[in-house]
Every structure is written in C-alpha cells, then in structure tokens.
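The following report describes the fold, the packing and a few backbone details of the structure shown below. Please read it alongside the sequence and the coordinates.

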Amino acid sequence: MSDIHARRRGGFLENTLEGLRLAMERALYAETSASRSGLLQGVDPRVKTAGLLALVISVALAARLWTIAAVLLLAVALALLSAIPLRLVASRAWMGALFFSGMIAAPALFLTPGTSLYGLPITLQGARTAGFLVLRAEAAATLMLLLVYTTPWAHVLKALRIFRVPVVFVVILGMTCRYILVMLETAHEMFESRKSRTVNAMTAAEQRRLAVSGSGVLLGKTMQLSGEVYLAMQARGFRGEVFLLEDFRMKRTDWFALAGFAVAASLFIWAGR
Amino acid sequence: MLFELEHLTYQYEGVTAVDDLSLAIPEGSRVALLGANGSGKSTLLRLFDGLIFGQGGVAWFRGQELSEEHLGDDAFALPFRRTVGIVFQNPDVQLFNPTVFDEVAFGPLQMCWPKIEIRERTAEILERLRISHLKDRVPHRLSGGEKKRVALASVLVLDPAVLLLDEPTASLDPRSQSEVIDLLVEWGGGAKAVITATHDLGDLEDIADRCFVLDRGRLVAEGSPDEILKDRELLQRTNLVHQHRHRHPTGELHSHPHVHGAK
C-alpha cells in the first residue's frame, strides 16, 4: 500500500464521513426498532407516552436514591423485553447523560459541606447530591429512549397532540427530526465532494479551516433546504396538526399496560417521598 | 382567469427574482414557463402556489387574492391546497414521511378525507405510477427517479385541478423523463391546468400550448410553443439555446444553435 493511502486511511475527511454515515444510521434506527415485535412496541402510543412520562415524574420527585435506581432497573428490564440492546441504551442514553449531568454534578462532590468520604477531598453529602443528579438524568434519558425507540416518530407526535401539547411545539419537534436527516445528508455530500478533490493528506490547519468553513456552508444549505421542506409540507395542506392513517385503539393489553404504569409510578412516588 | 398577476415583484434578500410581472393564465391551460437558471421560474411557481407572497403587486387565483391573510384562513386554504398541487424540482424536499405509503397519504390526511378513501386512493396512485413495490420503503433512501415518482404521486393523489411542476424531468434518465412526460400528458386530460417551469425545450409541444419566457424575473415573450421555438434570436438571448460547435468527419468545423433537450 502506498504511503499516501496509508496516511489517508483514518484521516480527517474519512473519519468525518464515517461519523456522518453512523449518525444517519442512528437517526434511521428508531423507525426500524419501533417496527420490531417487543413488549413496548405493542402498547398504544398514548399509554406509552403517558406511562413513561409518569415514571419520569416519579424520578424527578424521588427523595431516595434507591427508588431512582429501581426506576432505572425497571427501564432496563423494559428495554430488554422490547428488543432494545443494552449496548445501544448505554451508548445513546447513559454515556450522554453521564457526561452532561456529570459535568454539572462534579463540583458538588467537592463543594458541598459535610463528612469527608474515605479521607478523599469529597464529601458524603456531595456524593449523594451528585448521585441524585446523575441517576435522575440516567433514568429519565433511558425512559425517553424507550419511548422513541419503540414508537414511530409520527405516533409520538400524535400522542403529544392528544395530550394537548401546543401545535407549535409538536411541529418544531417533527421538523427537527427531518432537518437532522437533511443536515446529515447535506454534510455527507459536502464531505464526499471534498474527498473526491483531495489527493494528499490534509494538514491540521487545513482540517480546521475545512471544519469551520464546512460548518458555515452546511448551516446555510440546511436552512435553505429545511425552509423548502416546510413549504412542501404547507403546499400539501399541512397546518401544524398531525394526522395518521392508523387510529389509536385501546386493546385489553393497553388497559393492563396503563394500569401497570399507573401502579408503578404511584408506588415509586410514594416510596420515594 | 385561473391565475392573474399584476405588476408582481418578489425579492430574496435584496435580489429581485420576479420583477414587475403581469400575466394571465386561463382555466384549463397547459403553460410552460421558460427561462434559464435564475430567471425566476421557480419563484413564480411558489407565488402561484401561495407559498410566498410578492412585496409588490397582486396575484389572483380565480378572482381571489393570493395573500398571506387568505392562505392563513382554512376556509380558503384547504380548497386551494386541494385544487393546486406543486411538484418541487428537488424531490428530497417533498419527502419527509417514514414510508412511501405515508408520504403519498400525507396530503389526503391533511384534507381530512375518510381513511378508507385515503388508503384506496393511495394504493391506486402508487399502482398507476408503478411504485407499489416501494410502498414500505423509506422515501429519502430511494433512487433519484424513484424519488421523483413518489413526489409526483404525493401530489397527484389529491387529483388537483391545477398542477405546478418545477423542472419535472430534471436529473432523470431518458427513459424516466419520457415516462414522466407521458404520465403528465395523459394525466392532464383536457380539463386540468398544468404549469411547467422548464428550460428543456425538447418536450415543449407535448406539455404546453402556451409559453411565457422569463429573463431575470421579467416576462420577455409570450406565444405558442411553435412561435417560441421558431424565434432563435429570443432563445439565444435568454440562454435557452446555445451555440453548439462540432467537427465533421471531413474535418470541417461547424456551429449551430443547440436546443437543449431536443429529440
């Protein structure tokens, strides 16, 4: 293999293209996952939305760490029963939630006054506060991931409208999903085109310049294209309301699921007081 | 009159796309808007469809003003959207649903048709465009030709009386181009109006009986396809034809105006 090829493999452009390809696959994965057969996939979207939100509320209200951990365990069990691999939950919910909530919670470890933990410069009270924040974020992220990965996106939006979530909010959510795909596709084409015109490996300065100029162009292109998407929706009569061909009909199993969610959320709220 | 424009002007961020344009399109017409890239054809189609509104002048649809206020009123907007359909040049902007079937059913759902009718009509139009086999596919992962057909189906499903087409055969292979043109000629029948923005003169006589030639947002000529195609000076001036140079086997260099898309 030539030196150029050896250097180019794993280069900036290749890594960016691979990253964009993976991001597109991830964005499209939810629809595939929602059409699989699994426990939550078979539940009415309204029940799922209300039930999982009720569990998120129970997590937010919990004053005991073990109840939050119990909700997280329940969410993990639901994921397994809904054919969602734990590896996927870890990479798409847990890592992100840990990173962002960890960044916020970390100072509490050192700054909260209290008893020193094992002689370290962190306190027991600080660890408890940080634990609450991180566990709450992990549990809520897992529950929301379950909703998105077991329900077609259009069904989630319709369920939100049934719960009287304002049209503007639902439209923005719906458009965001499409715009992310538009942006990823545009970025992929841009970097592919750049790759086709690149012979030698890029220097660090060139990579930085490309990243900055690419971001600017991408933003402009995406805004233009997404504006056109919205016009195309309007042209076919879209006024913000979400309509679906499938009617939501409660089956007996949905009533059981609703009761199950209600009991679980009530128990966690009561136990977590 | 189906559409009437009076001194209509539209600017994008200071750039004039439609400049003091006045024209009238009668009911049931098959019209071609001709012009090179940037002549204002696409903008004009969007103005006809009430998706954007001019900063100056007035646009009328069957005697009613196409204004933001009217289009914001469901009593006017819904029948208008049912009557006037637009197919965008880039099919990607028209595909935003999870499956092809959902994509085609999107318009009828917005019109609140009965669901049984939506299913039947959607299946029928997919069959007619020979894309039934794609019904469960993700639209934005299809090939260019397939995307165009789905975009067409998503508009034709509403059976609009007025069809606005922005470069309907752009980026299609020759066979798909011919199929799309055949479909539009067949679909248009006699009672429907079809307004096509194009710079492809090859199929002009099939798709239009009236032409408007635009240049930098201004109307520079109007006539039958035959009249327009015969006016070589006009076509060259508006960049619709170019001087094509080639060498004959005898070695002689020859040049003549070339009509883009000519059969």
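## Residues with positive phi

His7(B) is exposed, having 12 other C-beta atoms within 10 Å. The model is a predicted one, and in it His7(B) lies in strand β1 of chain B, which spans residues 3-12. Although His7(B) is not a glycine, its phi is positive, at about 50 degrees. Most residues other than glycine have a negative phi.

Because Arg216(B) has 15 C-beta neighbours inside 10 Å, it counts as partly exposed. Cys112(B), which follows α4(B), also has a positive phi, in this case near 60 degrees.

## Overall make-up of the two chains

Chain A contains ten helices and zero strands, so that its pattern along the sequence reads α-α-α-α-α-α-α-α-α-α. Its C-alpha atoms fill a box of roughly 65 × 60 × 35 Å along the principal axes. Of the 273 residues in chain A, 31% are buried, and residues 24 or more positions apart account for 80% of those contacts in chain A that have a separation of 6 or more.

Chain B comprises ten helices and twelve strands. Its radius of gyration is 19 Å, which is close to the 18 Å that the globule rule gives for 263 residues, and chain B is therefore as compact as a globular protein of that length. Taken along the principal axes, the box filled by the C-alpha atoms of chain B is roughly 65 × 45 × 35 Å. Buried residues make up 45% of the 263 residues of chain B, while 66% of the contacts in chain B with a separation of 6 or more join residues 24 or more positions apart.

## Helix packing in chain A

Helix α3 (residues 45-61) and helix α6 (residues 124-150) of chain A pack with their axes 9 Å apart and at an angle of about 175 degrees. Angles over 145 degrees count as roughly antiparallel, and α3(A) and α6(A) are therefore roughly antiparallel to each other. On the α3(A) side the contact is made by Lys48(A), Thr49(A), Leu52(A), Leu55(A), Val56(A), Val59(A) and Ala60(A), which meet Arg136(A), Ala139(A), Ala140(A), Leu143(A), Leu146(A), Leu147(A) and Thr150(A) in α6(A). By class, this contact has ten nonpolar, two polar and two charged residues.

A further pair is formed by helix α4 (residues 65-81) and helix α10 (residues 252-271) of chain A, whose axes come within 9 Å and cross at roughly 160 degrees. These two helices, α4(A) and α10(A), are therefore also roughly antiparallel to each other. Here Thr67(A), Ala70(A), Val71(A) and Leu74(A) in α4(A) meet Ala264(A), Phe268(A) and Ala271(A) in α10(A), and the residues of the contact divide into six nonpolar, one polar and no charged.

## Nonpolar cores

The largest nonpolar core has 84 residues, of which Leu33(B), Leu34(B), Val104(B), Ala153(B), Leu164(B) and Ile195(B) touch the most other members. When neighbours within four places in sequence are left aside, Leu34(B) is in contact with Thr198(B), His199(B), Cys211(B), Phe212(B), Val213(B), Leu214(B), Ile228(B) and Leu240(B). A second, separate core of 45 residues includes Ala79(A), Val89(A), Tyr149(A) and Ala159(A).

The buried residues include Val100(B), Phe101(B), Val104(B), Phe106(B) and Leu109(B), together with the charged Asp102(B) and Glu103(B). Among the elements that cover them are α5 and α6 (144-156) of chain B.

The contact between the chains takes 24 residues from chain B and 21 residues from chain A. On the side of chain B that touches chain A, α3 (74-83), α4 (100-110) and α5 (115-128) of chain B each supply at least two residues, and α4(B) gives the largest share, five residues. The residues on this side of chain B divide into 13 nonpolar, five polar and six charged.

Note on methods
Residues are numbered from 1 along each chain as its sequence is written. Chains are lettered from A and ligands numbered from 1 in the order in which they are written. This is a predicted model: local features need pLDDT of at least 70, side-chain atom pairs count only at pLDDT 80 or more; totals for chains, interfaces and linings use all residues. Axes are lines fitted to C-alpha atoms, for helices over the stretch in contact, and angles run from 0 to 180 degrees between N-to-C directions. Helices (H or I, at least four residues) and strands (E, at least two) are DSSP runs, numbered from the N terminus. Angles under 35 degrees count as roughly parallel, over 145 as roughly antiparallel, 65 to 115 as roughly perpendicular and the rest as oblique. Two residues are in contact if their C-beta atoms, placed from the backbone, lie within 7 Å. The radius of gyration is taken over C-alpha atoms; the globule rule is 2.2 Å times the number of residues to the power 0.38. A residue is buried if 20 or more other C-beta atoms lie within 10 Å of its own, exposed if 12 or fewer, and partly exposed in between; C-beta atoms are placed from the backbone. A nonpolar core is a set of buried Ala, Val, Leu, Ile, Met, Phe, Trp, Tyr and Cys residues joined through C-beta atoms within 7 Å.
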